[in-house]
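Good morning, and thank you for coming. Please look at the structure on the screen while I describe how some of its parts meet.

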Amino acid sequence: MTQKRLGVGVLGAHAWAEKAHLPGYAAYDRAKLVAICDVIPERARAMAEMFGIEKVYSDPRDLINDPDVETVDVCTPTETHLPLSLAAIEAGKHVLCEKPLASDAKDAFMAARAADVKGVRTKLGFTFRYSPAIRQIHAWIQDGTLGEIFHVHGLEQNSQFLDPQFPLRQVSSDANWNQLIPSSIVGYGSHLLDLVRWCVGEFSSVTSSMRNFIPERVVRGFDGMQKIQVEDGTVALAEFASGAHGILQTSYIAIGNYPGVELRVYGSKGAAVARLVEEFGIAETLHFATPDSVEFKKIEIPASALPPGTTLETPWPELYYRNLVRHFVDEILDDTPAECTFFDGAKSQEVVNAIVKAHLERRWVDLPQTVSERPL
Ligand SMILES: NC(=O)c1ccc[n+]([C@@H]2O[C@H](COP(=O)([O-])OP(=O)(O)OC[C@H]3O[C@@H](n4cnc5c(N)ncnc54)[C@H](O)[C@@H]3O)[C@@H](O)[C@H]2O)c1
């Protein structure tokens with residue numbers, strides 16, 4: 001294992017950078033936070049002071065072109081993810097980008113190809129792939145413990161925007177307010193669909209229903225209550241290439257705590273339920289059952305499955321991001337196989353797009369069975 005430390009520059013110095021990305025790098029001794037940038041300079045300065053970062057920029061191009069920055073971390077608003085990632089790739093930097101990478105899967109595939117051509121590494125900020133409970137379920141599927149997978153149930157739901165007075169932030173500037181605006185399926189669904197695809201394999205067909213449940217709410221950047229048909233809940237049925245069936249739901253008006261991800265996988269030899277809902281100070285739980293012992297038993301998550309220095313009482317953004325960042329830094333420094341890349345982001349976006357289409361056209365929509373990712 002090389003002793004080198006990877007130079008990291010972070011774009012965006014606000015809520016999620018403070019809670020997840022920056023603590024992740026700061027906790028890992030193979031990474032060095034060398035620069036931070038925000039178009040609101042005082043935000044960048046505040047984070048630089050908090051995390052001991054030497055270089056502070058207000059223009060993302062300056063950070064991207066800084067020779068000490070080997071990896072660019074994009075933690076800015078959704079609409080900026082694609083252009084900033086492409087600029088970093090063009091400059092020959094590795095990129096970790098928040099989800100979603102783009103609103104159209106075609107653009108996300110294009111970015112994945114651009115990174116391949118440049119020979120740089122990518123990672124999408126699919127936080128929940130780095131939950132110890134989810135990683136255990138993935139391992140049980142891979143090693144055959146669960147047998148043939150029949151059913152998968154995936155939820156990402158919480159009450160983030162149940163209160164109409166709490167400002168909604170996920171509305172793109174070009175959204176048409178006179179029609180249903182896909183929202184929870186974009187913000188939450190991109191994570192959930194990636195998780196399900198990672199565990200169960202490629203989607204083959206989807207159908208769905210999307211709805212606006214709360215018709216008036218406060219929207220960031222606008223004064224007073226706004227009539228806005230934002231999709232705040234989606235249900236979908238899925239068929240997978242493996243033959244498995246799926247039931248999926250995203251909602252940000254469902255009572256319950258963050259992050260509200262649940263994954264239930266039922267196979268011929270075993271079934272597993274991961275619940276990533278921060279309750280009573282614990283980030284997640286894992287349960288397991290077999291055909292001859294059908295009562296789900298709680299599985300203790302071993303300390304070895306957690307990033308060093310964390311427990312299940314560590315706040316979930318930091319717990320999962322420490323793990324995600326560690327994996328990305330190790331993949332780059334050790335030249336090990338890439339996981340959770342821009343290609344995976346594009347595949348997840350393809351399913352988001354298909355779910356939206358299925359709702360609008362009231363039908364099943366088939367997914368292209370794309371060839372697998374070209375390795376670096
Ligand atoms: N993976 C997850 O679980 C998860 C959870 C929460 C948020 N997120 C995502 O993380 C991202 C950041 O979230 P947030 O809540 O901190 O958003 P935010 O809007 O509160 O903060 C983003 C910051 O980026 C800055 N910024 C905007 N354009 C910039 C540019 N071109 N260059 C540099 N800085 C720029 C803004 O000034 C702001 O300070 C969003 O895309 C959000 O969807 C992901």
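Lys19, Ala20, His21, Pro23, Gly24 and Tyr25 in helix H1 meet Pro317, Glu318, Tyr321, Arg322, Leu324 and Val325 in helix H9; two residues are in contact if their C-beta atoms, placed from the backbone, lie within 7 Å. Helices (H or I, at least four residues) and strands (E, at least two) are DSSP runs, numbered from the N terminus.

This is a predicted model, in which local features need pLDDT of at least 70 and side-chain atom pairs count only at pLDDT 80 or more, while totals for chains, interfaces and linings use all residues. Residues are numbered from 1 along each chain as its sequence is written.

The contact of H1 with H9 comprises seven nonpolar, two polar and three charged residues. Here Ala, Val, Leu, Ile, Met, Phe, Trp, Tyr, Cys and Pro count as nonpolar, Asp, Glu, Lys and Arg as charged, and the others, Gly among them, as polar.

H1 also matters for our next topic, the ligand. Which helix gives the most to the shell around the ligand? The answer is H1, residues 15–26, with three residues. In total, 23 residues surround the ligand, and the closest are Gly12, His14, Trp16, Glu98 and Thr127; a residue is near a molecule if its C-beta atom, placed from the backbone, lies within 6 Å of it. By class, this shell holds 12 nonpolar, seven polar and four charged residues.

Finally, the domains. The protein chain is assigned domain 1 (6–127) and domain 2 (131–312 + 338–366), with bounds from an automatic or database domain assignment. Their contact takes 21 residues from domain 1 and 19 residues from domain 2.
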